[in-house]
Amino acid sequence: MACLAAVPDPRSPRGIRHRLVYVLALAAAAVLAGASSLSAVGEWVADAPVNALVALGGEPDRLTGRCPAPDESTIRRVLARVDGDALDRAVSRWLAARRPEPRQPRGAGAKRRRRLRALAVDGKSLRGAARANGRKIHLLAAVDHTSGLVLAQLDVGEKTGETTCFKPLLDTIGDVSGVVVTSDALHTQRAHAEYLTGRGAHYIVIVKGNQKKLFAQLKALPWGQAPLHDRSRARGHGRREIRRIKVCTVSDLLFPAACQAVQLKRRRVDRKSGKTTITTVHAVTSLTSDQAAPAQLATLIRGHWQVEALHHVRDVTFAEDASQLRTGNAARAMATCRNLAIGALRLSGAVNIAAGLRHNARDPNRPLALLELT
């Protein structure tokens, strides 16, 4: 509640019946109970018991004991006008304060194998609301590798792109010294690398054709003579996968502060069709060989998919892409509530987000416990 109280109220003080923090808390609790639309949010609020409404900031009537709650139209108007950036900062602040420290290995060589904290940066478009107010809604997020919590989110305007919002996004996060930032080839930009190293952070970036000289330099390295440093196997999503990684320490890479070049080969076999595909990925990192072993680099590159997992849950479990909210900031506010719901469930140890939402839906007090309001 203290974090939500920092969000400015866009409404005129005259005629306000429900405080902003109350409306936002109701929306957050409803989404945590599985509400995937504003209609569902309104229905959950209408059915919520008095004790839940009071815990979420409602003020009961002294004579009747009843607690007035906003209807769906009020919630819709408030979310459409709320400051999306301020709401994202409030939710990210609450999640960041509860982010667990990564477990560190023990025993011989533990110092060398120290687990690094990492953030994955990637964007997602809200397809159903893609033409809200004549513009495309595209959200860029920074997700913690270990916990899957969204630590920052920013709306990418229609007249700009993800690359211009990279620095403003990470500026909203406090100290990032020692943190490894992973991103796709779109963010393989020299300015991004200089920005991260200037803040004491590290990077691992995928290199493709948008950095032609660097890509050619990486492909020309003597990978055939380099030893295989790590190999891992995995099963899932109807396929078997073998990943092999080779790492070279190179001092003249055409990228700021780059210390190591990485070649990752993925061999995937579709268990149904038997079709085999082999993909080769090149990357560069500012981490030295003393700071990260090849196995750690492979884990960090694979850990970038944490942000893709977030987008998948929002699409499949919350049906985000099917939502056609097109009024003001309502679509973005609901996406922020979904980030909060997913983060709160993951902090509680939930593995299956859909099952966690169904569990919360059976008791209106369960979302309050996850939000630490009871």
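Helix 10 (residues 305-316) lies across strand 1 (118-125), strand 2 (138-144), strand 3 and strand 8 (260-270), at about 40° to strand 1. Helix 11 lies across strand 2 and strand 3 and runs at about 165° to strand 3. Contact here means heavy atoms within 4.5 Å; axes are lines fitted to C-alpha atoms, for helices over the stretch in contact, and angles run from 0 to 180 degrees between N-to-C directions. Helices (H or I, at least four residues) and strands (E, at least two) are DSSP runs, numbered from the N terminus.

The model is predicted; local features need pLDDT of at least 70, side-chain atom pairs count only at pLDDT 80 or more, and totals for chains, interfaces and linings use all residues. Residues are numbered from 1 along each chain as its sequence is written, and side-chain values use heavy atoms, with hydrogens and water left out.

Nine strands form an open sheet of mixed pairing, in the order 3-2-1-4-5-9-8-7-6. Strand 3 (150-156) and strand 6 (230-236) are the edge strands, each pairing on one side only; two strands pair if DSSP finds at least two bridges between them. The twist from one strand to the next averages 25°. Strand 4 (residues 180-183) and strand 5 (residues 202-207) run parallel and are joined by four bridges, and Ser183 stands opposite Val205 in strand 5.

The axes of helix 1 (residues 20-32) and helix 11 (residues 330-347) come within 9 Å and cross at roughly 60°. The contact is made by Ala27, Ala28, Val31 and Leu32 of helix 1 and, among others, Met334, Cys337 and Arg338 of helix 11.
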